[in-house]
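Please read these notes with the model open beside you.

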2 protein chains.
Amino acid sequence: PLSLQSWNRNPRPACYVWRCQSMKYEKHFNFVMSICCSNNICSFQFVCVGGSPWRMKSFIEYMASILAMEDPKAEYPNICAGTDRYAMYKIGPVLSVSHGMGIPSISIMLHELIKLLHHAHCTNVTIFRIGTSGGIGLEPGTVVITKQSVDANFLPKFEQVILGKTVLRNTDLDSNLAEELLECSKELNQFKTVIGNTMCTMDFYEGQARLDGAFCSYTEKDKQEYLHNAQKLVFRIYKMFLVLYFYSCAAAVVCVTFLDRLKGDQLTSSHEVLDGYQQQPQTLVGHYIKKHLSDKKDS
Amino acid sequence: PLSLQSWNRNPRPACYVWRCQSMKYEKHFNFVMSICCSNNICSFQFVCVGGSPWRMKSFIEYMASILAMEDPKAEYPNICAGTDRYAMYKIGPVLSVSHGMGIPSISIMLHELIKLLHHAHCTNVTIFRIGTSGGIGLEPGTVVITKQSVDANFLPKFEQVILGKTVLRNTDLDSNLAEELLECSKELNQFKTVIGNTMCTMDFYEGQARLDGAFCSYTEKDKQEYLHNAQKLVFRIYKMFLVLYFYSCAAAVVCVTFLDRLKGDQLTSSHEVLDGYQQQPQTLVGHYIKKHLSDKKDS
């Protein structure tokens, strides 16, 4: 009963194979696949994902305003109403999806999102991950566009265990897309943006050398040594989005740093300042999307 | 500025060390630590965690009814209102917290929950993880109490990377608690319950040998071979709660199987049947809690 299908962004080669069992997918555990039929999402060109449901709703409201598609009466309902695992919002060609925290959580969402886009016959989709993170040696409020992801040993690889065997995945991101986003930031001229490497760990506390978790078996000196070694290779440290680039096709990770981990583990900026920071990735990605839609209209 | 403190369940030795920086914890990223002051949670004896916010709210409503603490007007608000990462509910001595999906997500919640319990001077707390899972060679609807967790290579260990070094964690759960829960199930006599090993993976699709993810590089035959090897050691396969037992002190994992993975990857039972299944772990844990509170009152 299995048929082989591929889903890939033109003009990349069809490097991923996808086994399809027709619409049995609708019965999936965590995602409401049927929305691809009922909500006619065939026109999506941009998908933006992030951890928090609230932030992804706020992104859709922001996109509605800058694309001048705002309806004062619009409520932007969660179109994943059948589950409380993820939330999904849409406006015009933009889909916004929350993915929770950590690689396993985002991995489930991406598997099911890609199947959904496939069923909806969406092609040429660009995926963005927006969010916040800790930085290493960067001024808080700096936006980082990820060039490459490294693991906790600073190696540019992601290990996946499939049928008990370790499979290594490439961790390079789309460099053209990263450069285009950096160009957008220059046009905006509102905040500092850099392209840098990102460390990806499986744990927020001990995995990122924090001293303030429930358990901690190392000292401030051990932490500083580890982070200074990391600084030679990476700009910021985070933990959750590694799978994004090998599952998807054209993808970028755009995060703002909330603190410099060399100086501490706790947030010291005010709520208002942090709120301003977290709007920066959505401002940058919003500018990119608006620009690409205008270019398309002009051509 | 660091002081060393320990949090452990009597009469176990103080095996975990916790660095404390006084109430700076209230500023934490993902959890509202201040509720431990404002909501007076010092009396908690039982903490129940699970993936879905909806299920954890439903558990508190169920506990209110069986402990006869139900107020018809009660609304059981989410006491973690400051974040949309987790949801938390309480009734009497019972705290119910959602943890999202996957080890990184549950790990953050447990770090912050344990700090919260510490600040609230809670001791002798028992932690339960309730949920659903896939089974291997078990009739759907069977409740499994985890004895030991194994990794994707069937080894009883959990690898954590701290400061770039791999640290191995023990994966045994509290066997007395597991036996007590099995005894509770016999008293209830409503559904089949077994004690068994649990496989813990980092990925729901390829990590658990599913054929229906967006990407799949193996065949049905490869999958069957892998799952039959797993069956020799484990009763069920799941992915997210491994960290529970080494972070916490007295802990049990109680999950109901929704399907037999040897027979397929998709759910075939009706929504009503699955809804009945998912109530079983909460019925079992609820019975245990009620029994222990009655024993305490009698003594």
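1. Basis. This is a predicted model, in which local features need pLDDT of at least 70 and side-chain atom pairs count only at pLDDT 80 or more, while totals for chains, interfaces and linings use all residues. Residues are numbered from 1 along each chain as its sequence is written, chains are lettered from A and ligands numbered from 1 in the order in which they are written, and side-chain values use heavy atoms, with hydrogens and water left out.

2. Salt bridges overall. The structure holds 12 salt bridges over all chains. The term means a side-chain nitrogen of Lys or Arg within 4 Å of a carboxyl oxygen of Asp or Glu.

3. Between chains. R169(A) and E206(B) form a salt bridge, at 3.3 Å from N to O. R169(A) sits in strand β9 (residues 165-170) of chain A and E206(B) in the loop between β10 (193-200) and α5 (220-231) of chain B, so the pair joins two chains. Helices (H or I, at least four residues) and strands (E, at least two) are DSSP runs, numbered from the N terminus. R169(A) is partly exposed, with a relative accessible area of 22%. E206(B) is buried, at 1%. Buried means under 20% relative accessible area, exposed over 50%, and partly exposed in between (1.4 Å probe, protein chains only).

4. Within chain B. K157(B) pairs with D151(B) in a salt bridge, with the closest N and O atoms 3.3 Å apart. K157(B) is partly exposed at 21% relative accessibility; D151(B) is buried at 14%. R261(B) and D265(B) make another salt bridge, at 3.0 Å between the closest N and O atoms. Both of these residues, D265(B) and R261(B), are buried.

5. Within chain A. Salt bridges link D151(A), K157(A) and E159(A) in a network.

6. Helix packing. In chain B, helix α2 (residues 53-66) packs on helix α7 (residues 271-298) at an angle of about 45 degrees, with their axes 10 Å apart. Axes are lines fitted to C-alpha atoms, for helices over the stretch in contact, and angles run from 0 to 180 degrees between N-to-C directions. Which residues make the contact (heavy atoms within 4.5 Å)? On α2(B) they include W54(B), F59(B) and Y62(B), and on α7(B) they include Q282(B), V285(B) and I289(B). By class, the contact of α2(B) with α7(B) has seven nonpolar, six polar and three charged residues.

Technical notes. Contact means heavy atoms within 4.5 Å. Ala, Val, Leu, Ile, Met, Phe, Trp, Tyr, Cys and Pro count as nonpolar, Asp, Glu, Lys and Arg as charged, and the others, Gly among them, as polar.
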